[in-house]
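This briefing is written for a reader who has the sequence and the structure at hand. Please view both before turning to the points below.

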Amino acid sequence: MIKHHPSDETLFRYANGSLEPGPSIVVAVHVGGCAACCSRIGEYEAVGGSLLHDIEPEPVETGALDRVMAVIDVNEAGRGAAAPRHRLPRADIGIRLPQVLDDCGIGPWRWIGPGVRWSRVTLPDDDSANVMLLKVTAGRRLPEHTHVGLEYTHVLKGAFHDARGRYGPGDLDEADDDVQHQPIVEEDGECICIAAVEGRTKLRGFFGRLIQPLFGG
Amino acid sequence: MNASGHYFIADKAILAFDPAKTGLAMTVRADQELLSPLEASRLLMAVAAKRDRAAFAVLFDFYAPRLKAFLRRSGMTASVAEDVAQETMLLVWKKASYFDPARAGASTWIFTIARNARIDRLRRDGRSAAITEAFDPSDVPDDPVSGEQMIIAAEREERVRTAIAQLPPEQADILKKSFFGEETQSEIAYTSGIPLGTVKSRVRLALGRLRQILDDLK
């Protein structure tokens with residue numbers, strides 16, 4: 001049962017295309033398993049459709065249709081196999097990842113502290129986005145911390161809790177700098193999350209602070 | 001009754017239409033201002049089913065100028081907007097078979113194609129980019145769709161249009177501005193003279209109000 005969802009504003013930004021790539025992929029993982037958010041995004045996309053439908057049209061160049069048809073003719077005539085897509089390296093990290101991540105590169109688990117490992121997620125079209133998988137052993141308490149900017153953490157496996165509640169598989173924690181917390185992973189098993197931060201500057205939040213030295217911040 | 005309700009009454013008469021069998025495009029090519037969501041869906045299906053160029057031409061006439069205007073409002077120059085609008089229409093042709101009229105109205109689907117084309121363009125130009133193609137609902141192939149499912153999806157699009165029309169003008173304005181990203185929130189705050197925190201909560205309020213209206217319309 002999913003209890004924690006992205007905010008409406010985040011879903012709105014996802015739908016209009018203004019959410020950054022890193023947070024977008026984390027939200028996409030959540031949406032892939034959350035019918036409610038999927039339908040909400042459908043509505044916000046329909047806002048886009050509606051604005052498109054009702055906008056005052058602006059004339060396109062004369063002959064635009066002919067040009068597009070000419071390209072179509074060329075394409076249809078030479079229908080061949082598309083260039084094979086460059087595959088990013090994927091380490092076997094011992095967990096079945098959501099399909100949404102199929103095109104992403106996955107790094108091997110790396111140790112960053114007692115009971116905490118991380119793996120870098122590389123987006124197919126944007127290798128500068130800060131996205132990572134985190135694996136924390138059962139019962140571990142993470143240092144108390146706040147956030148700089150919005151941080152998105154989606155639970156893939158296991159659960160953690162803090163003063164705000166319990167976050168289990170399918171839950172997405174959207175934490176901003178108002179949040180100060182000390183998450184504790186539950187006793188009955190490790191917790192694996194995918195996380196991203198807004199912006200490309202500093203990683204100082206939930207898990208980010210642990211990882212920042214690795215990014216040379 | 002608003003214009004949207006009107007569409008559906010008028011369209012019920014031709015619901016039995018099978019896009020694979022008829023040369024529909026020639027019959028509906030009339031006033032480009034009056035392309036109803038259901039007509040647009042049928043045209044897209046005709047493009048998918050039999051590469052119907054006449055149907056595509058109707059869609060092009062209606063959507064290309066709107067895409068150009070839409071992309072310009074999203075911050076592109078006229079020539080880039082023109083380019084991306086044409087690119088989007090090319091993708092509409094290529095991806096037509098992925099259009100699932102049970103899931104989204106034609107305008108909504110074409111909007112998502114344009115959104116992704118715009119992101120790709122910004123990325124290629126080395127500017128900030130957003131959504132990744134990894135999760136692209138428009139890429140999911142579809143099963144055969146009943147006329148009824150098609151109406152439901154087209155109605156959803158209509159319901160959202162109606163809901164936006166029912167928003168108080170100020171909230172509709174904030175919603176549009178933030179949707180187009182034509183101004184960042186701080187710019188909205190600056191030009192409207194409202195503190196940023198207030199703008200944020202107004203976006204939140206506008207989304208909440210939209211939600212309420214949508215729930216009432218269901």
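Within chain A of this predicted model, mean pLDDT is lowest in helix 5 (residues 208–211) of chain A, at 55, and highest in strand 1 (residues 105–106) of chain A, at 95. Averaged over chain A, the pLDDT is 85, and 83% of the residues score at least 70.

**Confidence in chain A**

- Over residues 213–217 of chain A, pLDDT stays under 50.
- For this stretch of chain A, the model has five contacts beyond four places in sequence.

**A sheet in chain A**

- Chain A contains an open sheet of three strands, arranged in the order 7-6-9, and the pairing is antiparallel.
- Strand 7 (165–167) and strand 9 (184–185) of chain A each have a single partner strand and stand at the edges, so one side of each is left without a neighbour in the sheet.
- Strand 6 (residues 160–162) of chain A pairs with strand 7 of chain A over three bridges, in the antiparallel sense.
- Opposite H161(A) stands R166(A), which belongs to strand 7 of chain A.

**Contact between chain A and chain B**

- The contact involves 47 residues of chain A and 45 residues of chain B.
- On the side of chain A that touches chain B, at least two residues each are supplied by helix 1 (8–16), helix 2 (21–32), helix 3 (35–54) and helix 4 (64–77) of chain A.
- Helix 3 of chain A gives the most to this side, namely twelve residues.
- The residues of chain A on this side comprise 24 nonpolar, ten polar and 13 charged.

**Make-up of chain B**

- Chain B has ten helices and zero strands, and its pattern along the sequence reads α-α-α-α-α-α-α-α-α-α.
- Chain B has 218 residues, of which 44% count as buried.
- Considering contacts in chain B between residues at least 6 apart in sequence, 68% join residues at least 24 apart.

**Domains of chain B**

- The domain assignment divides chain B into domain 1 (3–166) and domain 2 (168–218).
- Domain 1 of chain B contributes nine residues to the contact between the two, and domain 2 of chain B contributes nine residues.
- Helix 7 (residues 147–166) of chain B provides six residues, the largest share of the side of domain 1 of chain B that touches domain 2 of chain B.
- That side of domain 1 of chain B consists of three nonpolar, four polar and two charged residues.

Notes:
Residues numbered from 1 in each chain as written. Chains lettered and ligands numbered in written order. Predicted model: local features only at pLDDT ≥ 70, side-chain atom pairs only at ≥ 80, totals over all residues. Pairing = 2+ DSSP bridges. Helix = DSSP H or I, 4+ residues; strand = E, 2+ residues; numbered from the N terminus. Buried ≥ 20, exposed ≤ 12 C-beta atoms within 10 Å, placed from the backbone. Contact = placed C-beta atoms within 7 Å. Nonpolar A, V, L, I, M, F, W, Y, C, P; charged D, E, K, R; others polar. pLDDT = per-residue confidence, 0-100. Domains from an automatic or database assignment.
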